[in-house]
Amino acid sequence: MPVTRGFTGGARRGGDKRLPPGQYDTGAGWPVLTAELTPTIDLDTWTMTVDGLVENPTTWDWRGIHALPAASYFGDIHCVTTWTKFDTTFAGVSVDALLEIAKPRPEATHVMATSTTGYNTNLPLEDITDGKAWIVWEFDGKPLAAEHGGPVRMLVPHLYFWKSAKWITRIELMDHDEQGFWERNGYHDRGDPWLEQRYQGDA
Amino acid sequence: MTEPVVEAVASSWTTGTVREVERFGETYVRLRLEVADRHDHVPGQHYVVRLRAPDGYTAQRSYSLASDPADPLIELMVECLPRGEVSGFLHDVAEVGDELELRGPIGRWFVWGGKVPSLLVAGGSGVVPFISMLRFARRMGTASELTIVASAQTRERLPYIDELEEFGAFIALTRENHGNRVAAHIYPDELAELSKGIERAYVCGSAGFVSFIGRSLGEAGVRSDIVRVEQFGATA
């Protein structure tokens, strides 16, 4: 592709090796991007379910999920709209802890993560196991704000952030891949920021 | 959530040649481009603009289209943001004849196919995708299905205000009087009146604006599951 006349890279230009291709450092900001209005979720009735192809379909309530071993993530997050936020801290539980109880069946290969709003996103099972994904309710030591997916969201930081479903309520294990909301709407099925898998058709 | 209305097109990178540039003070720049191998868009969709430095460094951002799909050129109205790497370049440097890398059209959720009676609520540059919907509707003879509400601090901050006024959009300026309406935010009572008979609502603006309008639509009795939103900008 040709060079853009007169463009050398602006103030955002960092050269930070933690920045995937085509991304910029959003600094202290945290843009809000959703397709729907932010829901109001009552913690007294909130539940998290893991079901589908598992031996032991399980639903946790707000107190129950806090009884699982605490886990946290410190690192970067990358949004397909090209911002990257460095050094974030999230806390909650590891998805591994949920799967250890629910026990995936051998034929399970993919999951669909679903929000209370109906938003959903698909992921290969191996992208949410072995310490790669969390269910989180704290950001930076404070309760996760509603506009950022609070009270509880999924966190899959090695993929573009639309995979980290806000307002998560269910993970369904499946023996095949099925497109979620943004994937049906033109975005990539996997979404690896280091491979720039932004849209359908990207390698 | 309902299913998307637009068929999948795997978009790839192409080239756009700038044919017209118009700058509106320090705030907005309008670019009209001729796109090689162009696919028709659906009103509400966006393009990605990618800039490339001599050493291979790139920066890319998404911009909604303002143009009707039948327009021989695509039209972008870009708000110039402080330290905006791409918007600053488009505002300060881009000239007629420049070639830009483009990818699109993208997005199959925040789109209007021309039939569903809809309320469109915009804050500032959030009006851009609604201009595409309006121009399309006028050509198709379905403009009566659209109710447009547009808000900004001042007249200067609301792109396409002349086109919106001519259509009869409800305009709410928050720091200036506008016609008979004094400077004020959009009130739930106003939205309740404007949302009569709609089957869908689209809200586009900053995260703060969308959040504010979301609450107001709720107070106005609009069900949240008929509301589609698009947001931009940073929060602290």
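The model is a predicted one, and the picture below is built up from the whole chain to its parts.

Starting with the fold, chain B contains five helices and eleven strands. Its C-alpha trace stretches over about 55 × 40 × 35 Å along the principal axes. How does that sit with the chain's length? A compact globule of 236 residues would have a radius of gyration near 18 Å, and chain B comes out at 18 Å, so the two agree. Of the 236 residues in chain B, 47% are buried.

The domain assignment gives domain 1, covering 13–106, and domain 2, covering 118–232. Taken over C-alpha atoms, the centres of these two domains of chain B are 24 Å apart. Where they meet, domain 1 of chain B puts in 14 residues and domain 2 of chain B puts in twelve. On the domain 1 side of that contact, seven residues are nonpolar, five are polar and two are charged.

Then there is the partner chain. The contact between the chains draws on 39 residues of chain A and 42 residues of chain B. Sorted by class, the chain A side facing chain B is made up of 16 nonpolar, 17 polar and six charged residues.

Notes. Residues numbered from 1 in each chain as written. Chains lettered and ligands numbered in written order. Predicted model: local features only at pLDDT ≥ 70, side-chain atom pairs only at ≥ 80, totals over all residues. Helix = DSSP H or I, 4+ residues; strand = E, 2+ residues; numbered from the N terminus. Rg over C-alpha atoms; globule rule 2.2 N^0.38 Å. Buried ≥ 20, exposed ≤ 12 C-beta atoms within 10 Å, placed from the backbone. Contact = placed C-beta atoms within 7 Å. Nonpolar A, V, L, I, M, F, W, Y, C, P; charged D, E, K, R; others polar. Domains from an automatic or database assignment.
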